[in-house]
Amino acid sequence: MEFDAVGTNLSSISEKKCTEFVEALYSKAAVPGGGGAAALVGAIGTALAGMVGNLTTGKKKYAEYEDDIQRILKESLILQDRLLAMIDEDAKNFLPLSKAYGLPKETEEEKAFKEKTLEECTKVACSIPLEIVEVCYKAVLIQEELVGKGSALAISDVACGVQCLRAAMISGWVNVLINIKTIKDQDYVADVNNRIKPMLEKGIEICDRVYAQVEKQLS
């Protein structure tokens with residue numbers, strides 16, 4: 001069983017009650033933090049896609065979309081479970097980085113070792129926030145599909161879902177930004193920017209468009 005510096009059980013953060021999770025965020029514990037919060041909000045946004053799918057499946061009015069709804073239900077569950085798993089993975093990945101900051105740097109050898117270790121640990125710490133953006137983007141595409149195929153009675157849940165996913169994507173990205181600025185490997189930095197930035201921008205655009213569509217239908 002792993003614990004962080006202030007005793008948080010790193011193996012069961014995702015299993016906390018809602019109140020316990022929020023209390024842990026409020027505390028000075030290093031984890032859960034922004035990454036864990038982003039993963040949870042993303043899981044909620046994805047779960048809302050599953051909710052809309054479950055409220056649509058089997059309805060005669062939407063029979064023509066039944067195959068798509070079944071696919072959406074399966075995909076949503078996979079993405080939802082992955083995001084929940086990332087709550088704990090993000091916490092575990094951050095621990096080595098927090099320890100690396102405490103490494104000595106009195107000698108040139110120590111300085112070089114610390115610099116190398118920080119670089120490696122920072123890349124590890126960035127891996128889950130990066131994946132949060134990617135997974136949430138996939139969930140956004142599902143919510144976009146549900147605007148036209150999901151039950152009109154649950155259309156507001158599509159809007160709620162994309163807003164959660166929008167926040168999760170942005171939150172995942174800022175958790176990358178705060179760390180990536182210290183990375184000297186410019187090939188890595190360029191790859192991250194080229195791969196994630198366009199996805200983030202497109203995801204935000206879709207979320208805003210889907211929300212506007214839903215708001216128009218409800219007005």
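Which helix is Lys149 found in? I started my notebook with that one, and the reply is helix α4. A reminder to myself before going on: this is a predicted model.

**Entry 1: the whole chain**

I looked up the secondary structure next, and the protein chain comes to 6 helices and 0 strands. Read from the N terminus, the elements run α-α-α-α-α-α. I then took the box along the principal axes, and the C-alpha atoms fill roughly 75 × 35 × 30 Å. For burial, I found that 44% of the 219 residues count as buried. I also checked how far apart in sequence the contacting residues lie. Among contacts between residues at least 6 apart, 76% join residues at least 24 apart.

**Entry 2: α3 with α4**

Helix α3 covers residues 66–100 and helix α4 covers residues 108–149. I found that their axes come within 9 Å and cross at roughly 160 degrees. Angles over 145 degrees count as roughly antiparallel, and α3 and α4 are therefore roughly antiparallel to each other. I noted the hand of this crossing as left-handed. Sorting the residues of the α3 and α4 contact by class, I got 20 nonpolar, 5 polar and 11 charged.

**Entry 3: Lys149 up close**

What does the side chain of Lys149 make a polar contact with at 2.9 Å? I found the side chain of Asp68 there. A polar contact at 2.8 Å joins the Lys149 side chain to the side chain of Glu145. I then set aside the neighbours within four places in sequence and listed what else Lys149 is in contact with. The list reads Thr56, Tyr62, Tyr65, Asp68, Ile69 and Arg71.

**Entry 4: α5 with α6**

One more pair to look up. Helix α5 spans residues 155–180 and helix α6 spans residues 186–218. Their axes come within 9 Å and cross at roughly 160 degrees, which makes α5 roughly antiparallel to α6. Is the crossing of α5 and α6 left-handed or right-handed? I have it down as left-handed. For the classes in the contact of α5 with α6, I wrote 20 nonpolar, 5 polar and 3 charged residues.

**Page summary**

I now have two helix pairs on the page, α3 with α4 and α5 with α6.

Technical notes:
Residues are numbered from 1 along each chain as its sequence is written. This is a predicted model: local features need pLDDT of at least 70, side-chain atom pairs count only at pLDDT 80 or more; totals for chains, interfaces and linings use all residues. Side-chain values use heavy atoms; hydrogens and water are left out. Axes are lines fitted to C-alpha atoms, for helices over the stretch in contact, and angles run from 0 to 180 degrees between N-to-C directions. Helices (H or I, at least four residues) and strands (E, at least two) are DSSP runs, numbered from the N terminus. Angles under 35 degrees count as roughly parallel, over 145 as roughly antiparallel, 65 to 115 as roughly perpendicular and the rest as oblique. A crossing is left-handed if the near helix is turned anticlockwise from the far one by less than a right angle, and right-handed if clockwise. Ala, Val, Leu, Ile, Met, Phe, Trp, Tyr, Cys and Pro count as nonpolar, Asp, Glu, Lys and Arg as charged, and the others, Gly among them, as polar. A polar contact is a pair of N or O atoms within 3.5 Å; within protein, one must be able to donate a hydrogen and the other to accept it, and residues adjacent in sequence count only if both atoms are side-chain atoms. Contact means heavy atoms within 4.5 Å. Buried means under 20% relative accessible area, exposed over 50%, partly exposed in between (1.4 Å probe, protein chains only).
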